[in-house]
Structures are given as structure tokens and as C-alpha cells.
Amino acid sequence: MTATRVLVLNSGSSSVKYQLLDMRDSTRLAVGLVERIGEQGSRLKHTPLTDGGETRERTGAIADHAAALKAVAEELAKDGLGLDSPELAAIGHRVVHGGQSFTEPTVIDDTVLAEIERLIPVAPLHNPANLTGIRTAQALRPDLPQVAVFDTAFHTTMPESAARYAIDVETADAHRVRRYGFHGTSHAYVSRATAALLGRAPEDVNVIVLHLGNGASASAVRGGRCVDTSMGLTPLEGLVMGTRSGDMDPAVIFHLMRVGGMSTDDIDTLLNKKSGLIGLCGDNDMREISRRMDEGDERAKLAFDIYIHRLKKYIGAYCAVLGRVDAIAFTAGVGENAARVREAALAGLEPLGPAVDADLNAVRGDEPRLISPTGARVAVAVVPTDEELEIAAQTYALVDR
């Protein structure tokens, strides 16, 4: 029997998202989430997707990631999909930061683990959790290939002119300070799916991808290769996000330290957790912000306007970077569902080529679709992202070789 299944794990600091896929036809066999790991109110939500299975939930303390993955294995086993199945080919792990070392999916060994650990200082919120998930999965199935798929890998094709900051080269190199970019699996998947939607090969298409969720990033993709992206050394740079500031004069940090008496930890918390939309108006849910705007809330409107202004700047900049743009693709929670954001982001940019058909933009759906009028010089698309499928496909392609 040929092993064709891949288990995808996305391990956060207190959660594990997972999907089991059969790569013969990319069918999802089960999906689930373990949240609040390490708390009394832990919860596992598991949905088998074969034979009309119903969602199951279990609550109660789940002490750590080892206990979480054991619980996941038990739920999968109930559906005949256990981790001991000979049909399981590999486990694919989302790893947020791979630095310059990892430019493609990589089979995990001790050297790879050491490098992921070495990168913790530039990804302190993500890489430790990713490592915990990997080590736990290795303990459960030490005989099985474990593959790391890096958020940063897709962006390693950026030229040095886009990847380097304009600071002293020796200092930058000594401390690995450069622009890495994130959400790479999403940008890779959406750029290819957009090309397919246009009926063209990825290498023939230039796409601006707008991944707009609570975290948000933009990328300029020329012929299937990333040439620029909005996030940098960390996921803080770039667009206005749910709780992150995005672009900002770095001297603001010095000002807050000198004049505000704030510590580096205080400022880190401010910029990552108390800024962006939530800092501007107290909400980081675009649906709630939109509702407040409809009621005349000026603070919500200002937050929305700042969000859109930054987004327009990046779209315009990436039109300049690419020279020729064939499509602009919106994805992730806000990008896929907020018609108001899509319309506002492109309003006034018609001289650059993109246009939005109001009726098409208002339609909701789960499939990739065009929302630009027929004949638009730059197509505008809504493409639901599928990072888990991308991770599974990259993992399976590697172990199948």
C-alpha cells in the first residue's frame, strides 16, 4: 500500500491546528483545533470529513503540546485515521521563520532543529511553539518523515535591493537583520491559484497578493517568484493590522523610551498587541468596525481610512515594482469577506488598470472568482487561501521524491 496521507500541524504557543489530507486527490479527511493548551479550559474540536462525520468536542485541561497531540491522535484513531496508519506518509509542520537558511521545504533532522532554534530571537512568539510541535510529533512517530515548510521561504527570491535595510552592512550581517517576509505559503498558493483563474501559467503572470487577516501582508510576485513583500525582519512591518502598527518611523521607539519612560518590553507589547486597528478604535474585527461606521462612529471611520490609505500605498508601490500587473488578488479573512475593504482599496486606482464590478464584489463564495469587469486591464480576484493544502503538497512532493 502506497502511503499518500499527510498530517499538517500548525503549532502555536497555546494551540495546535491540524488537517489530515490524502494527496492522491488533495481530499481532506479530518480537520481540527486544540486551543488553550496549558489552561483548565482547554478544548479540542475535531471534524472527520469522510462518511458524513459530525464535529466532536472535548473539554478539560490539556497540560501541554504532547498531551494535545496525543488527544489529536486519539480522535483520528476513532475515525480509522490514526497516526499509526501505514497510509500516513509524513507530517508537515508550519514553521514561521527560516531565515536565509531554508528556501524550500526541508526534512527535519537535528541540524534543522538547531537552526530553527537559533532563529528564535527574530521570531520569539512563533518558532518556540513550532519547535514544540515538531518535537512532540517526532516522539509520537519517530519513524516518520517530518517536514518543515517555512513562512519565509517563498520570499527568499527577493533581490538584495528589496531584502536589505539601508543600515551598516557589517552590523546587519552580524545580527541577521534583513527583510524576510511572512505568510509565504499563502502568497505562494494564492499567486498560483490566481494564474490558474486567468487560465495562464504562473511564470507568465505578475500578481499583487493582498493577504488581509488579523495579520496582513502584501507581496509583488513576478512570474511566480516573490520580488517584494511588506513584512520585514518580523511580522510587524508593513500594512496596518488587527493589533500591529505596521510601518512606522523607528524614532518613535526612541521617543517613547526617552520621553514616555517606556521599556523595550512595553514598546514591543504596544506595537504588536495594542496598535493597528485595535489601537486606533478599540476593535480589530473588520465586521464590527464596518458596523460602527454605518452608525456614524468617527473613530471607527478614521481607523478604516488609515487602514485603506496604507493598503493603497502598497498597491501603488507594487505596481511600480512590477511594471506590468496582470492581477490583484485579495485573500484571508478580511480580503475574502470584506467587500467594503476591496472596493475602498482600489477606488481611484483605475488609471493603474484595476477596476471592481460592484455586483461581482458583493457576491460571497468559497471558490476563486474575478470581481473585475470584463476587459479590465488588471484583473481583480478573490482567492480563498489554503495554507494547509500548500504545506501538505510541498511536504508530499518532498517525501515522494
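Which residues lie nearest the centre of the largest pocket? In this predicted model, they are Leu233, Thr234, Leu236, Ile253 and Asn272, which belong to a lining of 35 residues. Two elements, α7 (251-258) and α8 (264-273), each give two or more residues to that lining. Of these, α8 gives the most, with eight residues. The pocket holds about 1300 Å³ of space. Sorted by class, its lining comes out at 18 nonpolar, 11 polar and six charged residues.

Next comes the second largest pocket, with a volume of about 1000 Å³. Here 34 residues make up the lining, and Asn10, Lys17, Arg94, His126 and Glu387 sit closest to the centre. The elements that give two or more residues here are β1 (5-11), β2 (15-22), β3 (27-35), α12 (332-337) and α15 (387-400). As for class, the lining has 10 nonpolar, 16 polar and eight charged residues.

Rolling a probe the size of a water molecule over the atoms shows where empty space is left. Around it are Arg5, Leu20, Leu81, Gly82, Ser85 and Leu88. That makes three nonpolar, two polar and one charged residues in the lining.

Asp84 is placed in the loop between α1 (65-78) and β6 (88-95). With a relative accessibility of 68%, Asp84 counts as exposed because the cut-off for that class is over 50%. Its C-alpha atom is 21 Å from that of Asp25, a residue 59 positions away along the chain.

Now for the charged pairs. Side chains of opposite charge can pair when their charged atoms come close. The structure holds 29 salt bridges. One of them joins Glu75 and Arg56, at 2.9 Å from N to O. Glu75 is in helix α1 and Arg56 in strand β5 (residues 56-59), so this pair links distant parts of the chain, 19 residues apart.

Another salt bridge connects Arg135 with Glu117, whose closest N and O atoms are 3.3 Å apart. Because Arg135 lies in helix α3 (residues 127-140) and Glu117 in helix α2 (residues 110-118), the pair ties together parts that are 18 residues apart in sequence. Arg135 is partly exposed at 39% relative accessibility, and Glu117 is partly exposed at 40%. Glu160 and Arg164 form a salt bridge as well, with an N to O distance of 3.0 Å. In this pair, Glu160 is partly exposed with a relative accessible area of 41%, and Arg164 is partly exposed at 29%.

Two further spots round out the picture. Leu280, Leu302 and Ile306 make a nonpolar patch on the surface, and together their accessible area is about 220 Å². Leu280 has its place in helix α9 (residues 276-281) and is partly exposed, at 31%. In helix α13 (residues 339-346), the buried residues are Val341, Arg342, Ala344, Ala345 and Leu346. Just after α13, Gly348 takes a positive phi of about 90°.

Terms used: Residues numbered from 1 in each chain as written. Predicted model: local features only at pLDDT ≥ 70, side-chain atom pairs only at ≥ 80, totals over all residues. Heavy atoms only, no water. Helix = DSSP H or I, 4+ residues; strand = E, 2+ residues; numbered from the N terminus. Buried < 20%, exposed > 50% of the residue type's maximum accessible area, 1.4 Å probe, protein only. Patch = residues over 30% accessible without salt bridge, like charges linked within 9 Å, V, L, I, M, F, W, Y side chains within 5 Å. Areas by Shrake-Rupley, 256 points an atom, 1.4 Å probe, with all protein chains shown as cover. Salt bridge = Lys/Arg side-chain N within 4 Å of Asp/Glu carboxyl O. 1 Å grid on protein atoms, 1.4 Å probe; cavity = no way out; pocket = protein on both sides within 12 Å on 5 of 7 lines; lining within 4 Å. Points joined across faces, edges and corners; volume = space filled by probe spheres on them. Nonpolar A, V, L, I, M, F, W, Y, C, P; charged D, E, K, R; others polar.
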